[in-house]
Amino acid sequence: MKISFDAKTAKAQAMVIFAEEGGKLFPSGKALDKKTKGAIGRAMKAENFQGKAGQVVVATAPSGVSYSHVAVLGLGKKDFSAATCEKMGGNIVACLNARKVTNAVVDFSFGLGLESESLVALGAVLSSYRFDKYRTKEPKDKKPTLKSLSFVVADAAAARKSFADLRKTADAVFLARDLISEAPNVLYPESFANIIKAELSPLGIEVNILSRKDMEKLGMGSLLAVAQGSDREGKLVTMHYKGGTKNQRNIAFVGKGVTFDTGGISIKPAASMDEMKFDMAGAAAVVGAMKSLASRGVAANVVGVVGLVENMPSGNAYRPGDILTSMSGQTIEVLNTDAEGRLVLADALWYCQEKFNPTHIVDLATLTGAVIIALGHEYAAVFCNDNDFSEELVTAGLAVGEELWPMPLNDAWDKAIDSPVADMKNIGGGRDAGSATAAHFLKRFIKNGVKWAHLDIAGVAWAYKDRISVPKGAAAFGVRLLDRYVNDIISK
Ligand code: BES
Ligand code: MN
Ligand code: ZN
């Protein structure tokens, strides 16, 4: 979608204007209504338009103007929170697509404010995402028509500048959504790693791909055990972005990248198993966040690490009962091969700390079904060993509509993963606190003094219905949150 900002109204197929609560038009809207000989006012009246937030009325082919449509959007009680603005952008796109409009002018000459204007544009862009590369026979009239939006604003230069950064983040969100949506026969560890390199190297990020041999040398027996059942070799990819100075935080993002999770020998039921293509959404979020930060040139030092594997049952697959030696030296008794994400992260987290010495780590993983029982699809869980750090992440998430809910750590859940034959087992005793026992498993791979947050995104990685700025499908949850977090802390 092409977005432009101008001081004057450009020529376009359709016009979008606004009305206050009660249905009152702004001066430019009133002038337009006059030109149309009252067609806009009549349409508003006919549909009992109240100017409520999200309410839309459209005058079709009004006489006296060149527009095929004039849409009036209600501003309601003028709550211009980020979420409302983004939603407005989504509403504009939906209403214009429904009428087969290809380009339109959005009249913000009444003065919505710089930040809000660019958030509306962001909402328009993000809500227009579609993964349709494999739909070769979709009729043209079923495809969305809207290609460009031109916003009339008071200070066009300032709006362009403010939107430029948001656009880069949106592009990064789209990359993550493409990765998550991609079919698992096409996106597997090697192809995923190649895409990361192709996307991020040109941005000045140092990308390194570790092969199975490399990981064997490093003793990553935990990650490699999960990978061994697949014909497709596992990979570990590091992304190093050096945009900051020495005395800043050393931030690391670590992502679970299981490109397909069958459950392995502890195989999952057939129903909905296809959904497990999104078991790499944590890794995709890391890649997206790295892209956003680097393309925006943010002054921070950030490293991304993703463990990429396919969890398959086969003659060479790891088994329940296997005892693994992780890179940290700690041993793990496997009791369920479907609790694989933590095994991948164990080595990815350890390698990240050995190699990059981060002060702060955020890991993102579609780790447990249990988190969906706890928080549904509204929040990701955050488990964190530092309250201030946790709060910074919660705040960043709130600002961008990717909400986190803090969950407790407790020594009892650490004990729950003690094993009689190894240092730990990869599942807790029963079904109790499944997300917390998983978090405590990861915690055993965090070095003393490192601030660490674990985001369990199993419930939010995929949108099962349209949400603000997130059309049904791959959400790319985490890209905007991580980008925002880094942005917030460097200005501290
Ligand atoms: N990838 C799944 C978790 C998941 C479930 C993500 C649903 C998204 C939607 C993970 O690897 C898994 O299978 N976890 C098991 C852990 C159990 C065996 C302890 C689970 O949650 O059932
Ligand atoms: Mn699993
Ligand atoms: Zn999984």
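Predicted model: local features only at pLDDT ≥ 70, side-chain atom pairs only at ≥ 80, totals over all residues.
Gly369 contributes through its backbone. A polar backbone atom of Gly369 sits 2.7 Å from an oxygen atom of ligand 1. Taken alone, ligand 1 exposes 520 Å², and the protein buries 78% of that area.

There are 17 residues around ligand 1. Those that come nearest are Lys268, Asp279, Asp338, Glu340 and Gly369. Several of these names return below, at the metal ions.

## The zinc ion

Which residues hold the zinc ion (ligand 3)? Its protein donors are Lys256, through NZ, Asp261 and Asp279, each through OD, and Glu340, through OE. They lie 2.0 to 2.4 Å from the zinc ion. Along the chain, these donors follow the spacing K-x4-D-x17-D-x60-E.

The zinc ion has 6 donor atoms around it. They subtend angles of 78 to 173°, so the arrangement is octahedral. Octahedral here requires opposite donors to be over 155 degrees apart and all other angles to fall between 65 and 115.

Asp261 counts as buried because its relative accessibility is 3%. The cut-off for buried is under 20%.

## The manganese ion

The manganese ion (ligand 2) is coordinated by Asp261 (OD), Asp338 (O), Asp338 (OD) and Glu340 (OE). The spacing of the donors along the chain is D-x76-D-x1-E.

Why is this site called irregular? The manganese ion has 6 donor atoms around it, and they subtend angles of 71 to 168°, which makes the arrangement irregular.

## Asp261, the bridge

Asp261 bridges the manganese ion (ligand 2) and the zinc ion (ligand 3). The two ions lie 3.2 Å apart. Asp261 is in strand β10, residues 250-261. Glu340 is in the loop between β13 (331-333) and α10 (341-356). The pair therefore ties together parts that are 79 residues apart in sequence. Both Asp261 and Glu340 are buried.

Lys197 belongs to helix α6, which covers residues 189-200. Lys197 counts as partly exposed because its relative accessibility is 39%. Leaving out residues up to four places away in sequence, Lys197 touches Pro202, Val207 and Ile209. How many residues separate Lys197 from Asp6 along the chain? They are 191 residues apart, and their C-alpha atoms are separated by 37 Å.

Asp483 lies in helix α15, residues 479-490. With a relative accessible area of 7%, Asp483 is buried. Its contacts, not counting residues up to four places away in sequence, are Thr169, Ser292, Leu293 and Arg296.

Terms used:
Residues numbered from 1 in each chain as written. Chains lettered and ligands numbered in written order. Heavy atoms only, no water. Donors = N, O, S within 2.8 Å, 3.2 Å for Na, K, Ca; no water. Tetrahedral: all angles 85-135°; square planar, octahedral: opposite > 155°, others 65-115°. Buried < 20%, exposed > 50% of the residue type's maximum accessible area, 1.4 Å probe, protein only. Helix = DSSP H or I, 4+ residues; strand = E, 2+ residues; numbered from the N terminus. Contact = heavy atoms within 4.5 Å. Near = heavy atom within 4 Å. Polar contact = N/O pair within 3.5 Å; in protein donor to acceptor, adjacent residues only side chain to side chain. Areas by Shrake-Rupley, 256 points an atom, 1.4 Å probe, with all protein chains shown as cover.
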